[in-house]
Amino acid sequence: MKKALITGITGQDGSYLAEFLLAKGYEVHGIKRRASLFNTERIDHIYQDPHAPHPMLKLHYGDLTDTSNLNRILQEVQPDEVYNLGAQSHVAVSFESPEYTADVDAIGALRLLEGIRFLGLEKKTRFYQASTSELYGLVQEIPQKESTPFYPRSPYAVAKLYAYWITINYREAYGLYACNGILFNHESSRRGETFVTRKITRGLANIAQGHEQCLFMGNIDALRDWGHAKDYVEMQWLMLQQDKPDDFVIATGIQCTVREFINKAANQLGIELSWEGDGVNELGRVLSITGDNAPALNIGDVVVKIDPRYFRPAEVETLLGDPTKAKETLGWTPKITLDEMIEEMVAHDLDKAKQHVLLKSKGFKVSVGRE
Ligand code: NDP
Ligand code: GDR
C-alpha cells in the first residue's frame, strides 16, 4: 500500500486529490493548519475516525513555515509521494502579504525538499510541486507551453518561480523524482469564494435570490484558460507514476474573458445581461429573465459594477495553455467542459442561496461571508 502526504489537503485541489488517492487504495496523510474555526469542510465527506482500526485518511497539524514540524511529519509518515499543494494561493492577496507569501510558497517547497533529503528519503519519496500559469505573467508567447519564457507579475508568481526552480534543482542535484505541474486556472464548486469564478457564481446566485444587490468586479477583460479541478488532480498523480520525472503544462487550450464567464453564469440562472460603458466604468444590467431562479430581480436592474479596489498593481492579461506534452506523454485529457463546470458551480451556489432564503424565512440568521 502506497502512502501519500498532501500539503494543502483542506484546499480545493487537496480535497479532490485526497478523494482520488483514497479510491486508488493509498493511505493518505494531510497537513492541516490550526485555525480558530473548523477548516475541514471540503474533506468532511472523506473524514475517517482516527479511532477506527485502520483509518486510510490521517490529518496532521502543521504549517509550511515550520521546518521542524514538516521534518517530523515526513519522518513519521515516510511517504512514497509528497504533493505540495499548500500555498497562500491568492494573487491579489500576495501584493498585501508578499513576505508571508514568499515564506509559504517559495521557502515552503524548499523546506519539504530539504526534509526529504535530510531524512535520506530521496530514493523513496516522489515530489509534486504545484506550479502555475502565473509564472508566464507578462506573456511572451501564445499559447504558453513548457518552453515559453517566464515573466512573473506578482509576489505570488515570483515565489512560485523559486519553488519551480528549486524543484528542478533538487531533481538535478540529488536525483530526486521531483516534478512541476504548470497548471492553468482550475475551478469547481469547492473553489475559494474570493477567486473570480466562484465570486461570480456565488454572487449572481445570491443576487438572484435577494441576498446581495450587486457584484463588484475588477478587470473583466482578463482572459483565462479555465478547467475543472477534478480533472487536474488526476494529472498530478499521473506525473508521479512515470519512468522519469518531468514538468508539464496542464490546460484546456481554450480561453475566455471574465466578462464572458459572467454572461455564461448569468445565463445558467436564466438571466441575460447587457453591458454599458467601458472596462473601467462598466455596468452589467438585466436585459431579460426566463425561468424562476431569479425572483429578486427585475428587467433593468444593475447587477455588475466595476470597483477599482479589485484591479491589481500588475495584471496578467491573458493566459492560454498548450497541453500537447501532457496529452502525448501522460495520455491526459480534460473531461469536463467550461460550460459543464459553470453549470455545476451555479447549481451548487443557487442551492446554497435557496437554503439561505428558507432559513431566513424561518427567522434564522444567515452569514453570507465578506471579502
Ligand atoms: P486553495 O487556496 O484552495 O488551498 C490552499 C491550501 O493551502 C489550503 O489547504 C490552505 O489551508 C493551505 N495553506 C495555506 N497556507 C498554508 C501554510 N502556511 N501552511 C500549510 N498549508 C497552508 O488552493 P488550490 O487548491 O486552488 O490550489 C492548490 C495549489 O495549486 C496551490 O499551491 C496553488 O497556488 C496552486 N495552483 C492553483 C491553481 C488553481 O487554479 N486552483 C492553478 C495553479 C496552481 P487552509 O484551508 O487552512 O487555508
Ligand atoms: P488568478 O485567479 O489570479 O488567475 O490566480 P483569480 O480568479 O483571482 O483572477 C482571475 C482574473 O480575474 C480578474 N478579476 C478578478 N479576480 C478576483 N479574484 N476578484 C475580482 O473581483 C476580479 N475581477 C476581475 C483578475 O484580475 C484576474 O485577471 C488563480 C489562483 O488559483 C492561483 O493560485 C493560480 O496559480 C492561478 O489561478 C493559475
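Okay, hi everyone. Before anything else, please keep in mind that we're looking at a predicted model.

Let's start with the overall layout. The protein is split into domain 1, covering 3-183, and domain 2, which is pieced together from 196-223, 257-315 and 337-362. If you take the centres of domain 1 and domain 2 over C-alpha atoms, they sit 32 Å apart.

Now the sheet. It's an open one with seven strands, and the order reads β3-β2-β1-β4-β5-β6-β11, with parallel pairing. Who's at the edges? That would be β3 (57-61) and β11 (248-250); each has a single partner strand, so one side of each has no neighbour in the sheet. On average, neighbouring strands here are turned by 20° against each other, ignoring direction. As a reminder for anyone new to this, strands in a sheet pair through backbone hydrogen bonds, and they can do that parallel or antiparallel.

Let me zoom in on β1, residues 3-7. On one side, β1 is joined to β2 by five bridges, and the two run parallel. One pair to look for there is Ile6, whose bridge partner in β2 is Gly30. Then β1 also runs parallel to β4 (residues 81-84), with four bridges joining them. In that pairing, Ala4 stands opposite Glu81 of β4.

For β2, five of the six residues are buried, so β2 is largely enclosed by the rest of the structure.

Helix α1 lies across β1, β2 (27-32), β3 and β4, and runs at about 165° to β2. Helix α2, residues 67-77, lies across β1, β2 and β3, at about 160° to β1.

Stay with α1 for a moment and find Leu17, which is in that helix, residues 12-23. Is Leu17 buried or exposed? It counts as buried, because it has 28 C-beta neighbours inside 10 Å, and the cut-off for buried is 20 or more. And which residues does Leu17 touch, once you set aside its neighbours within four places in sequence? The contacts are Ile6, Tyr83, Leu85, Val233 and Gln236.

On to the ligands. Ligand 1 is surrounded by 26 residues, and the closest are Gly8, Gly11, Gly86, Ala87 and Ala130. The elements giving two or more residues to that shell are α1 and β5 (126-132). Our helix α1 gives the most, with three residues. By type, the shell around ligand 1 has eight nonpolar residues, 15 polar and three charged.

Ligand 2 has 23 residues around it, with Val91, Thr132, Val196, Gly218 and Ala222 the closest. Here α3 (91-96) and α6 (196-208) each supply at least two residues of the shell.

In general, most residues other than glycine have a negative phi, and most peptide bonds are trans. First up is Gln78, where phi is near 50°, a positive value in a residue other than glycine. You'll find Gln78 in the loop between α2 and β4. Gln78 is exposed, because there are 12 other C-beta atoms within 10 Å, and exposed means 12 or fewer.

The other one is the peptide bond between Ile142 and Pro143, which is cis, with omega about -10°. Pro143 belongs to the loop between β5 and α5 (155-174).

That's my tour. Thanks, happy to take questions!

Key:
Residues numbered from 1 in each chain as written. Chains lettered and ligands numbered in written order. Predicted model: local features only at pLDDT ≥ 70, side-chain atom pairs only at ≥ 80, totals over all residues. Contact = placed C-beta atoms within 7 Å. Near = placed C-beta within 6 Å. Pairing = 2+ DSSP bridges. Axes fitted to C-alpha atoms, helices over the stretch in contact; angles between N-to-C directions. Nonpolar A, V, L, I, M, F, W, Y, C, P; charged D, E, K, R; others polar. Domains from an automatic or database assignment.
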